[in-house]
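Subject: Structure handover

Dear colleague,

Here is the structure I said I would pass on. My notes on it follow below.

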Amino acid sequence: MVFWEGYASDEAMGTFAPIVVYWLYAGFYQVLPPLDNYRLHTRKEEEERNLVPLRSVVKGVLLQQLVQATVAHGLFLVLCCAHAMERLAPSMILLTASSYQLLATVTSQASSSGDTLQPSLPVQILQIAIAMLVMDTWQYFVHRYMHQNKFLYRHIHSQHHRLVVPYAIGALYNHPLEGLLLDTFGGAISFLVSGMTARTAVIFFCFAVIKTVDDHCGLWLPGNIFHLFFQNNTAYHDIHHQLQGTKYNYSQPFFPIWDKLLGTHMPYRLVKRAEGGFEARVVKD
């Protein structure tokens, strides 16, 4: 039982809930007071170093979310049709039955098995863990390749790095093609490989969105659970947005596994600035 049952389908929630969650969580960060004592960059740095205005960032994010919603809707539609065909298959074998009997059988089976059976909680947790690893793997290698290929970086991925000082609303500010390849396809593959239902996908995608927004929030707030439980966090990703870290810390959004395995992990330490706030400073070997 979920709170949206009877009001919206799992497929509709899986399509639109992550978008709503993105703007609620990013909007929360946007309306916070300056919090200069917790910023990883000063407000002056944000104004001077970022190369794109907030209005353009909002438009870019909305465009990516439009593409994501379209792909998600299409994916769920295809899966629903596939499941419907599976339910119809046993009835279609009964070719010797009269057309009335066949219709009655099909209608009965469709209504009795129309609801998707939800797996147990341990199975759902396992599916989410698998999806996290799959998404991390996809995003690491696509993200890294976009940095290594000069054409792709110059014409596509550099758009995201126009936000030298990241902030929450800009978490999904990407070139439309990057948004499709990195986030949309990565999400679809994670969903399919893990075998999760649309209902479980609502939880997974909303969590992934919250984590991505938090990684770009630019604040090191005390008690932030993502900073406590994930090494791949706001400061970790901030290093990647700095000039000396653009070829390191590709991992996103969950774990730094691939960075550590493949030699692209750049350690850092947090240093308090005299004027307030923190600085994620690279630790050189």
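Glu 45 and Arg 49 are joined by a salt bridge, with N and O 3.4 Å apart (a salt bridge is a side-chain nitrogen of Lys or Arg within 4 Å of a carboxyl oxygen of Asp or Glu). Both residues lie in helix H2, four residues apart, about one turn of the helix (helices are DSSP runs of H or I with at least four residues, strands are runs of E with at least two, and both are numbered from the N terminus). Glu 45 has a relative accessible area of 25% and is therefore partly exposed; Arg 49, at 33%, is also partly exposed (buried means under 20% relative accessible area, exposed over 50%, and partly exposed in between, with a 1.4 Å probe and protein chains only).

Please bear in mind that this is a predicted model, in which local features need pLDDT of at least 70 and side-chain atom pairs count only at pLDDT 80 or more, while totals for chains, interfaces and linings use all residues. Residues are numbered from 1 along each chain as its sequence is written, and side-chain values use heavy atoms, with hydrogens and water left out.

The structure holds eight salt bridges. One of them pairs Arg 43 with Asp 36, where the closest N and O atoms are 2.8 Å apart. Arg 43 is partly exposed at 41% relative accessible area, and Asp 36 is partly exposed at 32%. Another joins Arg 281 to Glu 279, at 3.0 Å from N to O.

On the overall fold, the chain has 11 helices and two strands. Their order along the sequence is α-α-α-α-α-α-α-α-α-α-α-β-β. The chain has 285 residues, and 45% of them count as buried.

Next, the rings. There are 18 aromatic pairs in the structure (rings of Phe, Tyr and Trp, the last by its six-membered ring, pair if their centres lie within 6.5 Å; planes under 30 degrees apart count as stacked, over 60 as edge-to-face and the rest as tilted). In the pair of Phe 207 and Phe 230, the ring centres are 6.4 Å apart and the planes lie at 45 degrees, so the pair is tilted. This pair links distant parts of the chain, 23 residues apart: Phe 207 is in helix H8 (residues 198-215), and Phe 230 is in the loop between helix H9 (225-229) and helix H10 (234-241). Phe 226 and Phe 230 form a tilted pair as well, 6.2 Å centre to centre with 40 degrees between the planes. Phe 207 is partly exposed, with a relative accessible area of 27%, whereas Phe 230 is buried at 12% and Phe 226 is buried at 6%. One aromatic cluster is made up of Phe 204, Phe 205, Phe 207, Phe 226, Phe 230, Phe 254 and Phe 255. Lys 211 lies over the face of Phe 230, at 5.0 Å from the ring centre (the criterion is NZ of Lys or CZ of Arg within 6 Å of the ring centre and within 35 degrees of the ring normal).

On a 1 Å grid over the protein atoms alone, a cavity is a set of points where a 1.4 Å probe fits but cannot get out, and a pocket is an open set with protein on both sides within 12 Å along at least five of seven lines; lining residues have an atom within 4 Å of a point. Grid points are joined across faces, edges and corners, and a volume is the space filled by probe spheres set on the points.

There is one cavity of 30 Å³ or more. The largest cavity has a volume of about 590 Å³. Its lining has 38 residues, and those nearest its centre are Gln 68, Asp 183, Thr 184, Phe 205 and Val 209. The elements that give two or more residues to this lining are H1, helix H3 (54-92), helix H5 (121-148), helix H7 (176-194) and H8. By type, the lining of the largest cavity has 18 nonpolar, 17 polar and three charged residues (Ala, Val, Leu, Ile, Met, Phe, Trp, Tyr, Cys and Pro count as nonpolar, Asp, Glu, Lys and Arg as charged, and the others, Gly among them, as polar).

The second largest pocket holds about 310 Å³ of space. It is lined by 19 residues, with Tyr 29, Gln 30, Arg 39, Glu 46 and Tyr 167 closest to its centre. Helix H1 (10-31) and helix H2 (43-49) are the elements that give two or more residues to the lining of this pocket. That lining divides into 13 nonpolar, three polar and three charged residues.

Regards
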